[in-house]
2 protein chains.
Amino acid sequence: MKNFNPVRGTYDYMPREAKTREMVRQTILSSYQNNGFNLIDTPILEHIEYLSNDTGDNQKLMFKTIKRRDKLDLTKDNLTEADIVAEGLRYDLTVPLARFYANNRDKLPTIFKSIQIGQAFRAERPQRGRNRQFTQCDIDIFGDNTVNAELELLKTSIETLNKLGFSSLVVRINSREVLNSVCGYAGFKDEEIKSVCVTLDKIDKISITGVMMELIEKGFDTDNINRLIDALNEILDKGITSLEKYGVDIDTINRLSYLINSLDKLTGESCEIKFDISIVRGQGYYTGTVYEIYTDGFTGAIVGGGRYDKMVGKITGTDTSAVGCSIGFEPVCMLLLERGARFNSLYNLALIYDSTDDINQVYDVKEKLKSKYNVSLFVRPKNMKSFYEKIVTVADCVTSVREYIEGKDIKLLK
Amino acid sequence: MKNFNPVRGTYDYMPREAKTREMVRQTILSSYQNNGFNLIDTPILEHIEYLSNDTGDNQKLMFKTIKRRDKLDLTKDNLTEADIVAEGLRYDLTVPLARFYANNRDKLPTIFKSIQIGQAFRAERPQRGRNRQFTQCDIDIFGDNTVNAELELLKTSIETLNKLGFSSLVVRINSREVLNSVCGYAGFKDEEIKSVCVTLDKIDKISITGVMMELIEKGFDTDNINRLIDALNEILDKGITSLEKYGVDIDTINRLSYLINSLDKLTGESCEIKFDISIVRGQGYYTGTVYEIYTDGFTGAIVGGGRYDKMVGKITGTDTSAVGCSIGFEPVCMLLLERGARFNSLYNLALIYDSTDDINQVYDVKEKLKSKYNVSLFVRPKNMKSFYEKIVTVADCVTSVREYIEGKDIKLLK
């Protein structure tokens with residue numbers, strides 16, 4: 001028996017899944033647009049040079065394409081990967097966005113608010129929720145260094161999640177400046193902070209004791225660890241007001257307070273906004289505010305993002321204020337499919353005709369039904385039982401041309 | 001100056017282009033769905049084995065990905081491409097559809113009507129209208145060997161083109177069986193017919209004299225050429241009724257007549273349906289009916305498709321009736337952008353606020369305007385002139401929080 005499965009780590013989507021995914025896509029897009037962001041589109045194929053600028057782990061997971069025709073010389077001595085690579089498949093939408101902005105900035109407004117909904121690729125070890133091809137839904141604001149940019153992104157994301165049916169939300173906000181200051185106050189050197197933060201990120205899973213143990217295992221100075229744990233305990237207890245004594249500058253504190261208070265006022269009671277020192281975010285390029293949004297019944301974040309003011313500069317040579325926010329399309333679709341979410345779309349109707357029916361009359365009935373249903377024609381099958389068994393995968397209800405003309409009710413299939 | 005252009009043969013889409021492309025996508029999708037087709041989705045990465053099954057030229061244009069980690073051994077002697085290739089990027093949506101059908105057929109109804117809207121890749125020599133990454137919008141019917149399948153695909157495509165604003169359409173229908181019979185009648189051998197058809201395909205551009213000249217140049221037997229030209233002249237003159245004397249079987253003639261007559265009755269006067277012996281279609285896998293749809297002001301076809309009953313069997317080992325139709329998304333978008341088509345979507349409004357405004361009031365005004373506009377916030381810029389110059393790329397009209405509260409009219413930008 002031949003294997004017809006898709007390529008490892010990728011998926012075929014059946015009608016019900018594909019329809020839900022499409023409704024999620026359209027809901028996110030129209031909400032983003034209604035909040036003043038502009039759809040753009042960039043290619044899946046991207047220059048290796050720009051994809052290799054990332055300081056994170058994503059470039060290790062990059063899919064690369066092979067040079068074509070004369071450009072591929074496999075007889076060369078001491079062949080290296082660089083000799084055979086043509087382009088890369090993008091592993092996120094942020095690198096292409098930075099290149100897009102560099103390429104078109106003279107045509108764009110000083111403050112540019114973009115939407116990108118597209119596919120990215122990472123050669124992850126396949127596991128639940130780690131697809132090698134996945135959809136990302138990003139909004140980004142370029143050229144605005146005020147915290148109103150973060151406010152806009154988070155307000156828009158919360159509204160979008162509400163429209164998707166997620167009502168009980170927790171927004172956790174932190175800042176790289178806070179992490180750097182507190183780690184610095186505790187005595188960690190600049191080059192140690194990344195590793196400390198990787199551990200800190202796990203506080204939810206391993207608790208503060210676990211964080212301490214892991215830092216000891218990593219061999220960091222015990223005095224530094226103790227100072228950090230004391231600081232964390234106080235910050236976890238007293239929140240944002242305790243930050244100043246740990247060397248966080250007042251401007252950062254004010255920005256965070258303004259963001260949290262404003263967002264709290266602008267969102268409903270079902271949304272909790274809080275400062276959370278344990279929010280780190282994985283990628284290497286964040287420089288300021290970082291945030292995640294959580295919902296009931298799912299342990300991971302369903303939204304993540306932050307400020308990355310240095311990233312565009314790595315490509316263009318000129319730093320540009322940049323801040324982004326991304327709804328996790330794949331977990332959102334997974335949750336909605338599990339919950340059996342139904343979007344406000346037309347029912348699919350199977351309309352059965354007989355091979356002896358006049359085809360004009362068949363289409364006449366189809367046309368009449370199309371304002372209320374998506375109408376799919378099927379010639380009357382020989383075996384009605386097996387027809388009904390399988391038609392449920394694509395249809396919600398069924399009638400026949402004859403039954404419709406006779407005024408009979410349309411039958412629901414499930 | 002660094003080059004920030006996208007990868008050769010691919011494109012960045014600016015807000016106006018991306019918005020139009022999205023509206024075209026949604027219009028096509030909802031029309032396909034309303035006519036009873038079901039959206040599915042397949043991965044961009046596909047097994048090399050299946051992509052290499054195509055008898056056409058597409059596989060020569062395939063992008064291939066490089067093996068990863070330990071699997072890539074560049075030190076091997078006599079290295080060939082097969083040693084370094086992992087997967088391919090699909091060059092159409094038909095190969096993945098056949099694999100999808102093979103993988104899921106026990107869960108799908110006997111007659112399955114699919115929609116695929118997705119991206120495909122071909123390493124074409126870059127030129128206008130030949131993108132290396134492009135979107136395809138396909139509908140296909142599997143498991144229906146009657147000509148009602150062709151009727152449904154063409155009726156749906158015509159309705160979709162009408163919804164996109166294309167009203168003056170010509171549908172040209174032919175059949176591979178007709179081409180084979182007429183060429184066979186003229187004396188050409190089976191293995192010569194492909195080359196004869198490639199020439200015949202150019203009849204629109206080079207006229208029947210040009211076809212004759214090219215066939216002579218290709219070195220075919222003169223008697224065969226003369227018999228073919230005589231036959232073509234009669235068929236071009238008298239149409240479908242003259243086919244029987246050239247060995248076309250009566251069943252094929254009846255199917256074509258039924259399709260043309262039924263479609264003619266089901267479509268409006270602005271749509272002309274005709275038999276056309278010169279419709280060949282490029283791809284290698286068609287076995288029966290082939291068709292194209294043309295519109296005023298564009299020389300190429302904007303829709304193409306046909307029956308390919310042998311293609312699924314090449315992958316699964318079991319032949320399956322299959323017929324498809326594809327709207328040319330890229331030329332359709334190009335034509336609509338050139339014509340400045342406007343879809344029925346909300347206007348984009350730039351809402352200016354002052355940094356001294358209360359942010360709650362700013363958002364209050366934004367919320368009020370959002371039912372009528374897509375509302376984008378901008379802090380009042382220092383240089384209003386340069387702001388207006390560039391804001392037109394993303395906004396249709398502008399107001400400020402103050403002006404709105406004072407009840408002033410919203411200003412159109414263009």
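What follows is a chat about a predicted model with chains A and B.

Me: Before we start, what are the ground rules for numbering and confidence?
Reply: Residues are numbered from 1 along each chain as its sequence is written, and chains are lettered from A, with ligands numbered from 1, in the order in which they are written. The model is predicted, so to speak of local features takes pLDDT of at least 70 and side-chain atom pairs count only at pLDDT 80 or more, while totals for chains, interfaces and linings use all residues.

Me: OK, the contact between the chains. How many residues does each chain put in?
Reply: Chain A gives 72 residues and chain B gives 72 residues. Two residues are in contact if their C-beta atoms, placed from the backbone, lie within 7 Å.

Me: Which helix of chain A gives the most to that side?
Reply: Helix H1 (residues 15–34) of chain A, with 8 residues. Helices here are DSSP runs of H or I with at least four residues, strands are runs of E with at least two, and both are numbered from the N terminus.

Me: Switching topic: how do H5 and H10 of chain A pack?
Reply: Helix H5 (residues 148–163) and helix H10 (residues 250–266) of chain A pack at an angle of about 35°, with their axes 10 Å apart. Axes are lines fitted to C-alpha atoms, for helices over the stretch in contact, and angles run from 0 to 180 degrees between N-to-C directions.

Me: Which residues make that contact?
Reply: From H5(A), Glu150(A), Leu151(A), Leu154(A) and Lys155(A); from H10(A), Leu259(A), Ser262(A), Leu263(A) and Leu266(A). They divide into 5 nonpolar, 1 polar and 2 charged.

Me: Now the sheet in chain B. What's the strand order?
Reply: S1-S5-S6-S11-S10-S9-S7-S8, an open sheet of 8 strands with mixed pairing. Strands S1 (38–39) and S8 (271–275) of chain B are the edges, each pairing on one side only. Two strands pair if DSSP finds at least two bridges between them.

Me: How many bridges join S5 to S6 there?
Reply: 10 bridges join S5 (residues 112–121) to S6 (residues 133–142) of chain B, and the two run antiparallel. Among the partners in S6(B), Cys137(B) goes with Ile117(B) and Phe142(B) with Phe112(B).

Me: And S1 with S5, parallel or antiparallel?
Reply: S1(B) and S5(B) run parallel, joined by 2 bridges. Asn38(B) has Ser114(B) as its bridge partner in S5(B).

Me: How many residues of S5 are buried?
Reply: 8 of the 10 residues of S5(B) are buried. Buried takes 20 or more other C-beta atoms within 10 Å of a residue's own, exposed takes 12 or fewer, and partly exposed is in between; C-beta atoms are placed from the backbone.

Me: What about helix H4 of chain B?
Reply: Helix H4 (residues 94–104) of chain B is mostly covered, with 9 of its 11 residues buried. What covers the buried ones includes strand S2 (45–46), helix H2 (48–51), S5, S6, helix H11 (311–316) and S11 of chain B.

Me: Last topic: what's up with phi at Arg69(B)?
Reply: Phi of Arg69(B) is near 50°, a positive value in a residue other than glycine. Most residues other than glycine have a negative phi. Asn78(B) also has a positive phi, of about 50°.

Me: Where does Arg69(B) sit?
Reply: In the loop between strand S3 (64–66) and helix H3 (81–84) of chain B; Asn78(B) lies in the loop between S3 and H3 too.

Me: Why does Arg69(B) count as exposed?
Reply: Because Arg69(B) has 7 other C-beta atoms within 10 Å.

Terms used
Ala, Val, Leu, Ile, Met, Phe, Trp, Tyr, Cys and Pro count as nonpolar, Asp, Glu, Lys and Arg as charged, and the others, Gly among them, as polar.
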